[in-house]
Amino acid sequence: MIKAFASNFIPSESKHRLHLCTFFIALFLGAGVYFIASEFITKEIFRWEVFYSARNVKSSTCKNRCRPPGSESLPEGIISKTSNFEFQPLWGSTLQNRKPKVSKNLLAIAVGIKQRHVVSKIIEKFPQDDFDVILFHYDGVVDEWRDFAWSSRALHVSALNQTKWWFAKRFLHPDIVAEYNYIFLWDEDLGVEYFDPKRYVSILKEEGLEISQPALDPINSKVHQPLTARKTGSKVHRRFYNFKGTGRCYANSTAPPCTGWVEMMAPVFSRAAWRCTWYMIQNDLIHAWGLDRQLGYCAQGDRTKKVGVVDAEYIVHLGLPTLGASHDNVLSSDASTLSWRKDSSNFNGSEPKVDNRVKVRIQSSIEMQIFKDRWTNAAKKDRCWIDPYL
């Protein structure tokens, strides 16, 4: 019986040992798997924590970067924020051997073919190395300007019966002209015999003028305002005095037209002043009457100091009727004679000989009142804006 018991006990003990061995092996393997999985999970969690942490830091940093609207999906280094009117070759580009970019200015003039000789004299005064030129053709005539040697270096834009302010709003966006130091936005009826553009720009820098114009010769100019008349022996003036009659101006006067004001025929803007002015030009008010009295808000500081008239470099206002005028009136090729003649040539055979100057002036006055009303309403509605001159 003892033998029987022993024979029955031995297999049971072996089975128990086998189960116990199997348990320890399973436990060991489970522990190994746990530690390996734990290590992997820990590393993955750490990696994602680092990733999200870096992403959050990058996101926080990027939120503070000022980027042009619409460029968010592009890497910053590929973004070209500005442009200019410099011509580029169709082939043979010398990008590798390109010389350092020369700082330039821009001359923009609204022109008609009848005043081509006056315009040519203006452009010939502006050296090519220092100025790019863009002509706004309000009469639609472009090809006839090819006779002038400088025509091929100028950019020509044509639109019938539009003003220089209409052109400027559409073709002189601040980002397009951001590379130019100064923008000369001139009329076509200006005599420049006594004007040197390079010396003029140097005076602007010396005097810190953001908005300016050359003084007008009070003797030979057809039309001029008291503030813009040339003062003999002066380099620059910023105000004028009037102690009698209406529109009196004293030393403590701070508003246009006593100070902080230029006329609209030959204004010159710094890059920063033009960016502000462009936003103020109304898209649908093309004559821009009334804009001159508000230019001081774009002077990048005190308008009594940053806006001025340059006496040392002055011009003559010839006073030619242009937009809306009869098409058979033209100044003789010698602009200094101020003589009128009938021009028998007609660049557009069907061009009517009519004079709508009166209608143009009426429309200009209407637009001036609209602009005044818009300014007043905008100032009232903008609770965050503070008028620095009140």
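Where is the place of P257? P257 has its place in the loop between β7 (236-237) and β8, in a chain described here from a predicted model in which local features need pLDDT of at least 70, side-chain atom pairs count only at pLDDT 80 or more, and totals for chains, interfaces and linings use all residues. Residues are numbered from 1 along each chain as its sequence is written, and side-chain values use heavy atoms, with hydrogens and water left out.

The chain has 390 residues, of which 38% are buried; buried denotes under 20% relative accessible area, exposed over 50%, and partly exposed the range in between, with a 1.4 Å probe and protein chains only. Its secondary structure consists of 7 helices and 11 strands. Helices (H or I, at least four residues) and strands (E, at least two) are DSSP runs numbered from the N terminus. The accessible surface of the chain amounts to about 23500 Å², and 58% of this surface belongs to carbon and sulfur atoms. Of the contacts in the chain between residues at least 6 apart in sequence, 74% join residues at least 24 apart, a contact being heavy atoms within 4.5 Å.

Strand β4 (residues 180-186) is largely enclosed by the rest of the structure, because 7 of its 7 residues are buried. Strand β1 (residues 104-111) pairs with β4 in the parallel sense over 5 bridges, where pairing requires that DSSP find at least two bridges between two strands. In this pairing, I109 stands opposite W186 of β4. Strand β8 (residues 268-270) also pairs with β4, here in the antiparallel sense and over 3 bridges. Y182 stands opposite S270 in β8. In a regular strand, side chains alternate between the two faces of the sheet.

Most residues other than glycine have a negative phi, and most peptide bonds are trans. By contrast, the peptide bond that joins P256 and P257 is cis, with an omega of about 5°. N161, a residue other than glycine, has a positive phi near 55°. N161 lies in the loop between β3 (155-158) and α3 (164-171) and is exposed, with a relative accessible area of 57%. A288 is likewise not a glycine, and its phi is positive at about 65°. The loop that holds A288 runs between α5 (271-280) and α6 (303-306); A288 is buried, at a relative accessible area of 8%.

A search of the whole structure finds 2 disulfides, a disulfide being a pair of cysteine sulfur atoms within 2.5 Å. With bonded cysteines counted along the chain, the disulfides follow the pattern 1-2, 3-4. The link of C249 and C258 is left-handed, with -75° about the S-S bond. C249 is buried, with a relative accessible area of 1%, and C258 counts as buried at 7% relative accessibility.

Another disulfide joins C276 to C298, with an S to S distance of 2.0 Å. The torsion about the S-S bond of C276 and C298 is about -65°, so this disulfide is left-handed. Because C276 lies in helix α5 and C298 in the loop between α5 and α6, the pair ties together parts that are 22 residues apart in sequence. C276 is partly exposed, with a relative accessible area of 28%, whereas C298 counts as buried at 1% relative accessibility. A further cysteine, C384, is exposed, with a relative accessible area of 73%.

On the surface, V358, I362, I366 and I370 form a nonpolar patch with about 350 Å² of accessible area together. Patches are made of residues with over 30% relative accessible area and no salt bridge; like charges are joined within 9 Å, and nonpolar side chains (Val, Leu, Ile, Met, Phe, Trp, Tyr) within 5 Å. A salt bridge is a side-chain nitrogen of Lys or Arg within 4 Å of a carboxyl oxygen of Asp or Glu. I370 is found in helix α7 (residues 357-381) and counts as partly exposed, at 32% relative accessibility.

Terms used
Areas by Shrake-Rupley, 256 points an atom, 1.4 Å probe, with all protein chains shown as cover.
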